[in-house]
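Morning, everyone. Please bring up the structure on your screens. I'll start with a pair of helices and then move to the nonpolar cores.

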Amino acid sequence: MTSLRTTIRGAKRARTYNALLPGSTRANTQQTPRPTGRRHRAGRGSLRGMATSGWSERDARADQGADQGAGQANPPRRVLLTNDDGPASPFFARFAEGMRRKLNWPTFVCLPDSNWSYVSKSLKPPQSNFAVDLRKDEARVPISPASCVNLGLYELAKDVDFVVSGPNVGHNLGRSSILSSGTVGAALEACIHGRKAVAVSFPFKGYDSWTDDDLESAVDVALEVTEFLWNQGFKEGEDPGSVFYNVNVPLWATSSARDRQKEGKLGMEWLQTSVEQGVGYTSLFKVVDEAAMEMEWSPTGERVFDSKTAKEGGDVAAVRD
């Protein structure tokens with residue numbers, strides 16, 4: 001999984017953590033152990049290059065008892081949960097349920113009523129007034145993910161102190177994806193309004209290629225990481241709007257890692273990486289009728305996980321490998 005920390009004020013900065021499959025070899029440096037001796041918080045770095053650092057996770061659930069009182073923050077007053085894929089997302093309902101039942105966090109959902117992928121932090125005004133489809137602790141609206149966050153924070157759930165966006169259907173890895181993502185854009189909107197924020201994505205290697213066990217394990221890992229970031233990811237005294245995290249949990253890796261953990265073997269490793277600069281889309285359109293200058297949406301470019309040029313130490317290479 002990858003977690004991106006981006007500093008909003010001053011020069012942009014990023015922090016990424018990547019989960020590696022068993023057998024991968026990456027150096028862990030600049031470690032600052034937590035009291036359990038199992039996890040660490042990495043130092044800051046620039047968007048163009050950062051030192052690698054990470055911590056190994058054997059079984060976070062087994063550590064919960066040991067972790068009690070070890071720098072744990074109070075739970076969020078209330079979480080605002082959104083996404084950019086809308087209610088039809090195959091991941092969203094299970095993640096929302098886990099946040100409420102496993103983490104026991106008060107959670108209000110405000111999400112687009114349709115797919116708003118690839119819109120970054122768009123705040124495009126609606127064409128007309130709209131009614132909020134309000135259900136118990138959930139609102140569906142015809143606006144962008146970032147607009148959902150704004151609506152939630154100022155009108156529907158004013159007591160929110162933590163915003164979680166996702167899980168995105170697919171990855172948000174590399175500069176082009178991160179800066180284009182509606183999922184990440186929603187987290188950025190939360191930062192602008194002084195809230196702690198995390199964006200979550202579930203990369204896959206073929207749509208609908210995941211099993212139910214894959215999804216269950218990915219949700220569990222994403223919840224663990226989100227809880228950890230709430231408790232340990234934001235420095236005391238730091239402006240809560242100055243940073244956010246982007247978390248990618250590869251669907252093909254989590255269930256096998258959990259199986260290995262149950263056998264007492266190495267499961268997942270989280271590493272800090274740089275953000276890949278050179279992999280992603282090029283042209284977004286192609287001409288279908290030259291006489292009429294008719295264009296079709298047709299993104300081209302190197303597929304992220306097919307990349308042979310993704311740099312070692314970057315987020316794309318870490319999740320791909």
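Start with helix α3, residues 145-156, and helix α5, residues 182-192. This is a predicted model, so keep that in mind. The two helices pack with their axes 7 Å apart, at an angle of about 30 degrees. Angles under 35 degrees count as roughly parallel. So α3 and α5 are roughly parallel to each other. Their crossing is right-handed.

Which residues make the contact? On α3, they are P145, A146, V149 and N150. On α5, they are G182, G185, A186, E189 and A190. Sort the contact residues by type and you get five nonpolar, three polar and one charged.

Now the cores. The largest nonpolar core has 35 residues. Which of them have the most contacts inside it? They are F95, M99, F162, V164, V200, F202 and L251.

Next, where do the core residues come from? Several elements give two or more residues each. The helices among them are α2 (92-101) and α6 (212-232). The strands are β4 (79-82), β5 (107-112), β8 (162-169), β9 (196-202) and β10 (243-248). Helix α6 gives the most, with ten residues.

Take M99 as one example. Leave out residues up to four places away in sequence. M99 then touches V79, N104, W105, T107, V164, L223 and T226.

There is also a second, separate core, with 23 residues. It includes A139, V141, V160 and A186.

Note on methods: Residues are numbered from 1 along each chain as its sequence is written. This is a predicted model: local features need pLDDT of at least 70, side-chain atom pairs count only at pLDDT 80 or more; totals for chains, interfaces and linings use all residues. Side-chain values use heavy atoms; hydrogens and water are left out. Axes are lines fitted to C-alpha atoms, for helices over the stretch in contact, and angles run from 0 to 180 degrees between N-to-C directions. Helices (H or I, at least four residues) and strands (E, at least two) are DSSP runs, numbered from the N terminus. Angles under 35 degrees count as roughly parallel, over 145 as roughly antiparallel, 65 to 115 as roughly perpendicular and the rest as oblique. A crossing is left-handed if the near helix is turned anticlockwise from the far one by less than a right angle, and right-handed if clockwise. Contact means heavy atoms within 4.5 Å. Ala, Val, Leu, Ile, Met, Phe, Trp, Tyr, Cys and Pro count as nonpolar, Asp, Glu, Lys and Arg as charged, and the others, Gly among them, as polar. A nonpolar core is a set of buried Ala, Val, Leu, Ile, Met, Phe, Trp, Tyr and Cys residues joined through side-chain atoms within 4.5 Å. Buried means under 20% relative accessible area, exposed over 50%, partly exposed in between (1.4 Å probe, protein chains only).
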